[in-house]
Structures are given as structure tokens and as C-alpha cells.
Amino acid sequence: SDLVLILDFGSQYTHLITRRIRSLSVFSLCLNGTSSLQSITELNPSLVILSGGPHSVHTPDSPSFPDGFLQWAQSNSVPVLGICYGLQLLVNRLGGEVRVGNTQEYGRMEIHVENPSALYPSDKVGHNQIVWMSHGDEAVTLPSGFNVVARSQQGAVAAIENPSAKLYGLQYHPEVTHTLEGMETLKHFLFDVCGIAAEWKMEDVLEEEIRVINNTVGPKEHVICALSGGVDSTVAATIVHKAIGDRLHCVFVDNGLLRYKEQERVMETFEKDLHLPVVCVDAVDRFLTKLKGVTDPEVKRKIIGKEFICIFDDFAQELEKKLGTRPSYLVQGTLYPDVIESCPPPGSGRTHSHTIKSHHNVGGLPKDMKLKLIEPLKLLFKDEVRQLGRIMDVPEGFLKRHPFPGPGLAVRVLGDVTEGNALDILRQVDEIFIQSIKDAGLYDVIWQAFAVFLPVRSVGVQGDQRTHSHVVALRAVTSQDGMTADWYYFDHKFLNDVSTKICNEVVGVNRVVLDITSKPPSTIEWE
């Protein structure tokens, strides 16, 4: 199918462009905007989009596409669309002029479509649109061959194009919901202007992944799958099981960082509903010993990632004794957001990034790992993984489970996870919160909900006595893909009932707080 390639220059909305395009049944991928020309051309994209970003084209270290890119695009008739910073980059690289704007434009703005163009259908000419702007610089002189087709109310350039060269630019963000006609503009551009075909389907993805796995894994080779009990690793395991059958060996590790009765519940699901061959490894002491005294969340992730791999290596050795051959591969349920959040921000000058988090499947793996990775979901978002699961008849109740981080409760206990009875308290609080959400019929409405153990105590009054006990936080968010999220608006009675139940039933807790922060600026998990 056609590929729409997004060159990422650091915009917080870049992943949204990917999601919006995929929702139109067109495959899209993000690539660092400073990648080599070969990295771009070997993907053979049908369209390239230059994303926005926080940089200014005036600064000497501002990121840019590689030399020769525009010549390659034009010689191969590949359209290029610049969005926000991407528009300014096009103008600047082609000899136009970009200056600091007299008036900066942020938030909802009105633009006027002035002239007939390829970017907008003919019935939009002469009309106004509400769009989402986020720029301080503006294009003031366009390169040869370009026309202005839309301006903001303040007179700033809002859309430009050079149809003969297949070069286009939007100063605003069509991918965000605040741009009311943004999806309509994207549809028109993809299908009517660029001739992209809407042919990308999950059924084709499944077939392709099975083919790739069969081509990767030799006919006598065996594979280990790390099952966490979450949707991602389970769907990944089901795909690999379809491809190679009994040569897949699943392992579920109890690392002491699981939710309330998680081991029993998950193992029962694997056996009764999914019919996957799973061995449970008790590694509670092993993990908690390594985590004792550790408070830095990045260090926790690294320790946990390394320890998981050590256990998988041990498991591979045991299988080698049994099978006469050592497993060569490890399956993980890494998703596209995990990859994106572990990548370096364009223009940062770093080879890797810790600005968000190192995902245990991406940035937390040791360099000397013996097993080779199979990650059949690494280009998919969570909702796409659920679609794959439905195609393979994974039970709906399992597919709707809320995401659970690979490092488990280690990132939900702020501070040392081994201190006192923090893990036991957190398990009880989390169970009450989640069960209350289910009882209220809200579980499927919420993307993710969980409790957090805070490293503070507060004074309270319980049973007519002064207490100095722990504080816990509750977090619930709505989201489409986990890349952005908004906190869920609970009814006050629900919150009152949950808070009362927690303080009455969980010994050692006398205060409950609610997290009302969106992502960004926060992440979904606390850490």
C-alpha cells in the first residue's frame, strides 16, 4: 500500500498526523527529520510530510531534511507537504524569506482561503476556516513558483503551494481537532491531490507479520515470548503462535511488581481462553533485591529491563537442555508509541533521549543481549493492536484491559519499592479503584486508570486518634493512543465513595488525592 512518510522535526503533534492518516486507511510512519537521504528514499514513500517543530529556521543548529531531498522528491514526482515549521523550512531552503512575525499566532485563529488552489476544494475559496496556529516566525517572501492561497486574519501566510513542483505548505496544524476542517483538508490532499489509495487494512498487516516471522525464524528454530499479561504481549504472542506453532515458548515472570492477584488471574486467562503454552517464573526476590534502595525511575527501568533479559537467557538455557537446541529469538509487545517516546528529539544533538522515558522494551535493554528480537507490533498503535486481536479472536474482555507498564508497580511507587509495605498498600488501593470503576460501568470508557503510592505521609484522624499515614493518588485518563491524554472527569459521589472505601479498608492510608493533569505536560504514568 502507499506510504505517507512524516519527517519529524519535534512537534508535539507529529504522532497525531500519523494517527489521522492511518484512520483514513493509509499507512504512515514517522522518521527523524534529519535522517539520511537513503533512509528516506529506501522507504519509497508516495508522499512526504514535513512536521512542525519548536525550532526557528534562523538558528544555525535548526534541524532540516538532507541535501538532495527536494531534488529526489521532484524527480520522482513525490509530493511534499510542509506543516508549520515544515512550511518555513521549505520556504527557507528554496530561497524564500522567513522572519520573526510582527504578531505571533498561537491557538485558535481564523484564516481566509483567497485563491483557487490544489490544497482546498473549489467550494472553499472565499470562505473562512477556524484553524490551530502555533508559530512565531512567518514566511514573508515566497520562493519562485509559489502562491499564497490562504492568509490569517492578521494577514500572515497560512497556506502556500507550487502545484507544478508538487510542493505545498500549511502554516497551521490540520491534524488537531481544533482545526475544524482539518480532516477534510487532509482527505482532499491525500486522495484528490496526491492520488493516495486507501488500501491499508489490519487483515493485510496480520498476513504480512506472519510472513515476516516465517521468513525470519528458521524452520527448526525456537522462540521465547515474554508475556506480561497485557494486551500488547498477548497479541504479539498470538501472532507468533499462528506463524510457528509449538516452537513458541511463552514465559510469564512474577517480578513482585504485579497488581493484586495478577499472577493467578493472568495464568488462568492464558490457559482457559488463549490456549497459549506458558511457564510462570517466580522471580520476586530476584527483582526486589536488585531494586532495594533505588529511587530514580530511569535506573529502575534499566535494572528491570536487564533483569528480565537475564531471566529470559536462563529460560533459554533450560529449554536448550530440554529441546537440544537453544532458542534464538525473543518476542516482545513493543508498540509504536514506545519507539517514538524513546527516540531522540530532532535537533537535540543526542543519539538517544531520556526526556520522556526509556521504555523497557526499547531503551532499557542491555547491549550484550544474546537473544534477537521479534517485535511484530512495533509500528502499531494500541487501538490497532486491539483490532489485530479481534481478527485473531482474542477475547474482548482481555483486549479491553487497561495498559500496564512493563516495569509494573515500580513506576507507580515513587521512591524505593522495597521500603515498608508500599507495594501491598498500592495493590489494595489499586484493586479498590479499578473494581469501583468497573462497578460504575466506566472501565471501557477510560483509557487507563491506576493508583500511585506517594513517598509522603500526612496527619489524619481515624477512630478518634491521630494518624500519620501514607498518601495515595488516583489517576484516570482518556486517550486514543497513549501519546496524548486528558484526565477523566469523575462524578463527585464516585470519588467520595472510592476515597472513603480506601481509607476505611486499607491500613496505612489516611489521604487520597486525584491527579487532574493532562499529557502533555505530564506523562500518563507518574514515576
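**A walk through the predicted model**

Serine 469 touches Val456, Arg457, Ser458, Gln462, Gly508, Val509 and Asn510, leaving out residues up to four places away in sequence. Serine 469 sits in strand S16, which covers residues 465-478. With a relative accessible area of 10%, serine 469 is buried, because buried means under 20%.

In soluble globular proteins, nonpolar side chains tend to be buried together. Leucine 7 itself touches Leu31, Asn32, Gly33, Ile40, Val48, Ile49, Leu50, Ser51, Phe65 and Phe69, again not counting residues up to four places away in sequence.

Of its 9 residues, 9 are buried, so helix H1 is largely enclosed by the rest of the structure. The buried residues of H1 are Thr14, His15, Leu16, Ile17, Thr18, Arg19, Arg20, Ile21 and Arg22.

Two other helices show how such elements can cross. The axes of helix H6 (residues 202-216) and helix H12 (residues 382-391) come within 10 Å, and their crossing angle is roughly 80°. H6 and H12 are therefore roughly perpendicular to each other. In this contact, Met202, Glu203, Val205 and Leu206 of H6 meet Glu384, Gln387, Leu388 and Ile391 of H12. Sorted by kind, the residues of the contact of H6 with H12 are 5 nonpolar, 1 polar and 2 charged.

An annotated stretch comes next. In an unreviewed entry, UniProt places the feature "binding site" at Ser228, Gly229, Gly230, Val231, Asp232, Ser233 and Thr234. Two of these annotated positions can be followed into the model. Glycine 230 lies in the loop that runs between strand S10 (223-227) and helix H7 (231-244). A relative accessible area of 17% makes glycine 230 buried. Aspartate 232, by contrast in location, belongs to helix H7. At 15% relative accessibility, aspartate 232 also counts as buried. Leaving aside neighbours within four places in sequence, aspartate 232 is in contact with Gly333, Leu335, Leu377, Lys382 and Val385.

Finally, the backbone deserves a look at two loop positions. Asparagine 44 has a phi near 50°, a positive value in a residue other than glycine. This asparagine 44 is found in the loop between helix H2 (37-41) and strand S3 (47-50). Its relative accessible area is 59%, so asparagine 44 is exposed. Cysteine 84 also has a positive phi, near 55°, and is likewise a residue other than glycine. The loop holding cysteine 84 lies between strand S4 (80-83) and helix H4 (85-93). At 4% relative accessibility, cysteine 84 counts as buried, whereas asparagine 44 is exposed.

How values were computed. Residues numbered from 1 in each chain as written. Predicted model: local features only at pLDDT ≥ 70, side-chain atom pairs only at ≥ 80, totals over all residues. Heavy atoms only, no water. Helix = DSSP H or I, 4+ residues; strand = E, 2+ residues; numbered from the N terminus. Buried < 20%, exposed > 50% of the residue type's maximum accessible area, 1.4 Å probe, protein only. Contact = heavy atoms within 4.5 Å. Axes fitted to C-alpha atoms, helices over the stretch in contact; angles between N-to-C directions. Parallel < 35°, antiparallel > 145°, perpendicular 65-115°, else oblique. Nonpolar A, V, L, I, M, F, W, Y, C, P; charged D, E, K, R; others polar. UniProt positions renumbered as here; feature names shortened; annotations may be inferred.
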